[in-house]
Amino acid sequence: MPGSVYVVNEVVGTSEKSWEDATKQAIETVAKTVKDLRIGEVVKQDVTVENGKVISYRVRLNISFKYNPKK
């Protein structure tokens, strides 16, 4: 698309189930307030560990959406 500009922001999603669920939760939450959300790119995954057991999954995502300046 000629002339299109996109904004890229970083968000973090968490889940007690999986990295996939953490990603889904982050995207669905962001999509409630961001118009024209286009891409979610997982850039990092990690886990929280307590007493030798994984208790939560975390993903860092770069999200991009179309830039629409106010007129």
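**From the tail into the core**

Asn68 is found in the segment after E3. Helices (H or I, at least four residues) and strands (E, at least two) are DSSP runs, numbered from the N terminus. Asn68 counts as partly exposed, because its relative accessibility is 47%. The cut-offs are these: buried means under 20% relative accessible area, exposed over 50%, and partly exposed in between (1.4 Å probe, protein chains only). From Asn68 to Gln25 the C-alpha atoms are separated by 25 Å, and the two residues are 43 residues apart along the chain.

This is a predicted model, in which local features need pLDDT of at least 70, side-chain atom pairs count only at pLDDT 80 or more, and totals for chains, interfaces and linings use all residues. Residues are numbered from 1 along each chain as its sequence is written, and side-chain values use heavy atoms, with hydrogens and water left out.

Now the overall layout. The chain has one helix and three strands. Read from the N terminus, their order is β-α-β-β. The C-alpha atoms fill a box of roughly 55 × 20 × 15 Å along the principal axes. The radius of gyration of the chain is 15 Å, whereas a compact globule of 71 residues would have one near 11 Å. That radius is taken over C-alpha atoms, and the globule rule is 2.2 Å times the number of residues to the power 0.38.

Of the 71 residues, 23% count as buried. The chain exposes about 5,500 Å², and carbon and sulfur atoms supply 49% of that area. Areas come from the Shrake-Rupley method with a 1.4 Å probe; for residues, only the protein chains shown count as cover.

Next, the contacts. A contact means heavy atoms within 4.5 Å. Among contacts with a separation of 6 or more, 64% join residues 24 or more positions apart.

Which residues make up the largest nonpolar core? There are seven: Val11, Ala22, Ala26, Val30, Val59, Leu61 and Ile63. Helix H1 (19-30) and strand E3 (53-66) each supply at least two residues of this core. Such a core is a set of buried Ala, Val, Leu, Ile, Met, Phe, Trp, Tyr and Cys residues joined through side-chain atoms within 4.5 Å. In soluble globular proteins, nonpolar side chains tend to be buried together. Leaving out residues up to four places away in sequence, Val11 touches Ala26, Val30, Val59, Arg60, Leu61 and Ile63.

Stay with strand E3, where Ser56 has its place. Ser56 is buried, because its relative accessible area is 18%. Beyond residues up to four places away in sequence, Ser56 touches Ser15, Glu16, Asp46, Val47 and Thr48.

Move to strand E2 (residues 37-50), which holds Gly40. Gly40 is partly exposed, because its relative accessible area is 44%. Again not counting residues up to four places away in sequence, Gly40 touches Ile27, Leu61, Asn62 and Ile63. Gly40 and Lys66 are 26 residues apart in sequence, with 13 Å between their C-alpha atoms.

Two loop residues deserve a look. Most residues other than glycine have a negative phi. Asp36, in the loop between H1 and E2, has a positive phi of about 60°. Asp36 is partly exposed, with a relative accessible area of 35%. Asn51 sits in the loop between E2 and E3, and its phi is also positive, near 50°. Is Asn51 buried or exposed? Asn51 is exposed, because its relative accessible area is 80%.
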